[in-house]
Amino acid sequence: MTTLRRALQLGSLAWLLAARQTAAVEPPEPVALSIGPSGIAVAEGSIDSLDVDRYVVGVAAGELLFVALFDPLDGALLDTRLAISLGGVVLATNDDGGAGFLSRVALRAGGAGSYEIAVTGFRDAAFAGVHPEGAGGAEPYTLVVGVDALPLAGEAEPNDAAAAPNALPAGGGIRRGTLGPLDVDRFSLAVAGGASLAVSLFPLDSATGAPLPSAELGDPRLGLFAGADALPFAENDDGGPGLFANLARPAPASPVQIAVTGFRDAGFAGVHAEGPFDYALLAVPIGVPAARCDVVPAFGVIDTLDIQAIFAARNTPAAGPADPRDADGDGTITVLDASQCRLQCSFPECASAPPPPACGLLGIEPLAAWMLLAAVRRRRTRRTSEVSR
Amino acid sequence: MRTFSTLALGLLLAAAPAGAVSISFVPASISAAVGGQIAVDVVVGGLGDGAPPSLGSYDLDLGFDSSRLAFDSFDFGALLGGPAASLQSAGAVAGSVDVAEVSLLLPSALDALQGESVAIGTARFTVLAAGESEIAVGQAILGDGLGNPLRVGSAGSVRVNAGPAIPEPAAFGLFGLGALAVARVSRRRRS
């Protein structure tokens with residue numbers, strides 16, 4: 001009876017503890033990343049409280065490893081911490097190196113192996129899952145990992161004019177550039193209809209080509225343009241490590257032109273005195289949605305963020321027949337598309353994550369267990385008093 | 001008999017466009033002084049009254065004479081779920097107010113919430129100049145709880161009659177003089 005009582009007590013407590021944790025639908029970890037021909041791998045994840053996400057990627061000795069986190073709101077959703085380890089030894093960590101409070105880090109691999117990338121909340125310096133990020137519900141992020149050997153493929157000057165950007169491969173790529181005074185470096189990337197792209201600038205050592213731990217040697221400005229448009233649809237000054245830049249946006253058209261200039265050059269006309277300094281540009285399409293209405297990362301989940309994005313784009317033409325915002329396929333984004341997509345939400349009330357699991361089948365099993373224990377105790381007490389009479 | 005029945009049914013169907021909703025303003029006519037504010041309710045009628053179709057989304061352009069009226073605000077109603085359960089947007093550009101709302105409620109909840117007509121909100125304007133002007137519906141996209149389009153059978157308008165502003169200080173002055181005169185006369189009578 002004592003053993004049974006202890007088993008019931010432990011089981012109830014464990015059940016209660018498990019029920020209080022928010023269930024996040026995640027693959028088994030560590031998640032193995034596969035580096036494609038572009039040299040870049042993209043993974044969609046989410047963080048909730050007590051959660052650490054772990055990934056592994058194979059890197060050869062001497063190769064460069066770039067890691068950057070993005071979210072749909074330029075770092076407003078999560079405050080993360082990032083670590084790169086090899087064989088259990090932490091090689092590099094970062095707190096706020098990316099957009100907002102997101103993290104970014106890069107290093108040159110000293111040895112070959114499976115490098116582990118851990119993503120957690122900012123308070124969790126030990127990467128043990130002790131943090132409050134995502135306590136109100138799992139928050140999505142996009143992890144971009146680039147691996148490339150030295151020397152990196154370089155830019156081809158002159159690429160200052162909008163009419164002559166350096167074309168990146170269809171799946172994205174990593175390029176080394178040198179920005180000097182009066183210089184603008186332009187690249188172009190094809191992005192499938194309805195997809196987004198992520199772009200990061202990392203500082204490089206001019207002599208070795210390796211990533212620099214500090215990013216104060218130069219101050220670039222990053223701009224994204226729809227084709228050869230004169231004005232950028234997005235730009236960033238200091239969204240990356242130190243004074244470097246970082247952007248992730250849905251692409252309104254394809255190709256997207258990426259421009260790197262000095263921070264004072266708001267017109268991207270080369271009017272600046274920055275440099276010379278070397279940088280690595282990492283650009284990749286992200287979130288090619290598999291289904292209509294799935295507009296905003298994290299993809300695979302249709303939630304209020306997707307409905308808000310469709311609502312905000314109402315009365316604009318769809319970006320092609322595959323535009324996921326055009327639910328009814330009439331070629332125009334309208335409130336009707338937002339309304340139809342609301343019915344496609346993945347979770348109740350268009351939440352971003354499933355609701356916390358109920359405590360047991362009916363929610364009263366632990367209470368029933370305690371009541372059973374109390375009844376057993378009372379019965380024993382009654383027997384004892386009967387015997388003593 | 002069969003011919004008569006068929007004819008009667010045809011006439012009935014021709015008279016009332018099937019599935020059409022209406023957009024109207026309450027009041028349909030309003031008078032105000034220059035500098036004053038007017039408020040008009042925008043109402044969608046012809047809904048299912050506790051059954052489909054209910055109103056799940058809309059995007060309306062309300063045109064007005066920007067030389068006579070200035071848009072102040074649009075107060076959204078609660079019959080699409082209110083701010084907690086819908087996405088709302090209202091803004092004015094050069095003589096036109098765009099108001100849009102998408103409900104996040106399920107179709108069954110909308111059916112239970114709405115009657116035959118829904119006041120989607122109240123538009124408020126300030127009268128800038130005297131004269132007659134009109135507030136009318138331009139582009140209108142309406143959808144039911146499933147996101148299917150609702151056909152607009154009729155769209156009303158508001159006639160605004162704006163009169164000159166009443167010079168309040170002068171009016172009070174006149175009133176004061178009149179009160180003084182009455183007081184003097186009554187004193188004389190007493191004495």
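## Report on a predicted two-chain model

Cys293(A) lies in the loop between β18 and α2 of chain A. Helices (H or I, at least four residues) and strands (E, at least two) are DSSP runs, numbered from the N terminus. The model is predicted, so local features need pLDDT of at least 70 and side-chain atom pairs count only at pLDDT 80 or more, while totals for chains, interfaces and linings use all residues. Residues are numbered from 1 along each chain as its sequence is written, chains are lettered from A and ligands numbered from 1 in the order in which they are written, and side-chain values use heavy atoms, with hydrogens and water left out.

### Cysteines of chain A

The phi angle of Cys293(A) is near 80°, a positive value in a residue other than glycine. With a relative accessibility of 3%, Cys293(A) counts as buried; buried means under 20% relative accessible area, exposed over 50%, and partly exposed in between (1.4 Å probe, protein chains only). The partner of Cys293(A) in a disulfide is Cys341(A), which is buried as well. A disulfide is taken here as a pair of cysteine sulfur atoms within 2.5 Å. In general, such a link is a covalent bond between the sulfur atoms of two cysteines.

Over all chains, the structure holds two disulfides. The table sets out their geometry.

| Disulfide | S to S distance | S-S torsion | Handedness |
|---|---|---|---|
| Cys293(A) and Cys341(A) | 2.1 Å | about -75° | left-handed |
| Cys345(A) and Cys350(A) | 2.0 Å | about 85° | right-handed |

Cys345(A) and Cys350(A) are both buried. Counting the bonded cysteines along chain A, the pairing is 1-2, 3-4.

Glu349(A) is placed in the loop between α3 and α4 (365-388) of chain A. Although Glu349(A) is not a glycine, its phi is positive, about 60°. Its relative accessible area of 71% is why Glu349(A) is exposed.

### Helix α3 and the contact between the chains

Helix α3 of chain A is mostly covered, with eight of its eight residues buried. Among them are Val335(A), Leu336(A), Cys341(A) and Arg342(A). The buried residues of α3(A) pack against α2 and β20 (332-333) of chain A, together with β4 (55-63), β7 (96-103) and β9 (131-144) of chain B.

The contact between the chains takes 13 residues from chain A and 26 residues from chain B, where contact means heavy atoms within 4.5 Å. The two chains bury about 1,400 Å² between them, 65% of it on carbon and sulfur atoms. Buried area is the accessible area (1.4 Å probe) that two parts lose on being put together, summed over both. Phe311(A), Leu336(A) and Arg342(A) supply 36% of the area that chain A buries against chain B, more than any other three residues. There are two salt bridges between chain A and chain B, a salt bridge being a side-chain nitrogen of Lys or Arg within 4 Å of a carboxyl oxygen of Asp or Glu. One of them joins the side chains of Arg314(A) and Asp59(B), at 3.6 Å from N to O.

Chain B contains three helices and eleven strands, in the order α-β-β-β-β-β-β-β-α-β-β-β-β-α along the sequence. Of its 191 residues, 32% are buried. Among contacts in chain B with a separation of 6 or more, 77% are between residues 24 or more positions apart.

A nonpolar core is a set of buried Ala, Val, Leu, Ile, Met, Phe, Trp, Tyr and Cys residues joined through side-chain atoms within 4.5 Å. The largest one has 33 residues, of which Leu55(B), Phe125(B) and Ile135(B) touch the most other members. Strand β8 (residues 118-127) of chain B gives the largest share of this core, five residues. A second, separate core of 25 residues includes Ile47(A), Val57(A), Leu69(A) and Ala109(A).

### Cis peptide bonds

The peptide bond joining Glu157(A) and Pro158(A) is cis, with omega about 0°, and Pro158(A) is in the loop between β9 (139-148) and β10 (166-167) of chain A. In chain B, the bond from Pro52(B) to Pro53(B) is cis, with omega near 0°; Pro53(B) is in the loop between β3 (37-45) and β4 of chain B.
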